[in-house]
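Good morning, everyone. Please look at the sequence and the structure as they come up on the screen.

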Amino acid sequence: MKNIAEVLEGVKTVGIGGHIRPDGDCVGSCMALYLYIRKYFPDIDVNVYLDHPKPIFGHIESIDEIKTEVEEERSFDLFITCDVSARDRLALADNLFEHAKKTVCIDHHVSNSGFADVNHIRGEVSSCCEVLYGILDPDKVDLAVATAVYTGMIHDTGVFQYSSTSPETMRIAGELMKTGIPFSRIIDESFYQKTYIQNQVMGRVLAESILLQNGTCIIGYLRKKDMDFYGVTGSDLDGIVSQLRLTRGVEVAIFIYELETQSFKVSLRSNGRVDVSKVAVFFGGGGHTRAAGCDLQGSMYDVINNITAEIEKQLTEEENA
Ligand code: 5GP
Ligand code: MN
């Protein structure tokens, strides 16, 4: 696909959906596409479906127009997914995708095998927002679309810091700046700023973290009862695994939190030696070489043992190579 206009020809209704527990790149790409279609294809009836987006994305125009529930079964002419690495990650919009006349997948996950009719997947690109920008008409990227795209880019590149950040990423960021986006505010308020409680919880996880495998692996964890004590949910825990990764000597950081009894969400970050997407895929999850995740069942000890065993395998394979 060279331009999104190609798939919009003759289309009257469009649905857009992202993945479960949408992050900045997911919300940014879905909203950018929504705002773009709404403005430049006014004859198309477009709807965007996402799991409750966090308040930190309140600066994105028309964020309140997101549908957080599917009220009626609809058969869209076209359903487009953004930042969705696998069909089972669609959650909320799964039924709409199923019944759409045609489907499109726009993504940047290496683990994505292409589950739509038209797949525009570029695994080497830092964010879905960057992939999406590549198929928009650059002259039509206004302040509102640029704000959404920029938000996604900073979230998936750690503010242009991860190795996936390319000269092209920076060129696009420069183009977006020309529209006058409040970039300092977007970075601070949507990425770095935490609530007092979020900082307290991060402090607690760091204080209780454990180093394994000669200090190459660090694990942080949070139990449901402690989350309830602080009154936090999974969406309050962003940034914790990134902070763990910054521990000197660490190759892989693991952050685990309890979804319910015997069920855990696992976040993985690598400094480069270990491909954590392989580890996540092994356990039914997915992601990127340096940032991946999965859900796991069992006791906390099982989860830690199973994950670290897979990481150790890669580290020893590399040593023996
Ligand atoms: P995070 O650790 O921030 O939740 O996720 C890091 C990356 O891994 C994201 O790109 C996300 O899409 C992917 N990821 C996280 N959890 C899962 C999962 O359960 N399944 C799949 N397929 N990908 C995941
Ligand atoms: Mn992404």
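This is a predicted model: local features need pLDDT of at least 70, side-chain atom pairs count only at pLDDT 80 or more; totals for chains, interfaces and linings use all residues.

Residues are numbered from 1 along each chain as its sequence is written, chains are lettered from A and ligands numbered from 1 in the order in which they are written, and side-chain values use heavy atoms, with hydrogens and water left out.

Helices (H or I, at least four residues) and strands (E, at least two) are DSSP runs, numbered from the N terminus. The expected span of a helix is 1.5 Å times one less than its number of residues.

Let us begin with α12, residues 300-320. Which residues of α12 are buried? They are M300, V303, I304, I307, T308, E310, I311, Q314 and L315. Here buried means under 20% relative accessible area, exposed over 50%, and partly exposed in between, with a 1.4 Å probe and protein chains only.

Next comes α8, residues 196-208, which has 13 residues. Buried in α8 are Q198, V201, M202 and V205. Seen down the axis, the buried residues of α8 fall within an arc of 100 degrees, so they line one face of the helix. They pack against β7, α9, α10 and β8, where contact means heavy atoms within 4.5 Å.

Now to the pair. The axes of α5 (residues 143-157) and α6 (residues 167-177) come within 10 Å and cross at roughly 145 degrees. Axes are lines fitted to C-alpha atoms, for helices over the stretch in contact, and angles run from 0 to 180 degrees between N-to-C directions. The contact includes A146 and V149 of α5 and I172 and L176 of α6.

Finally, S85 sits in the loop between β3 and α3. S85 is buried, with a relative accessible area of 10%. Not counting residues up to four places away in sequence, S85 touches D107, H109, S111, N112 and F115.

Key
The arc is that of the directions from the helix axis to the C-beta atoms.
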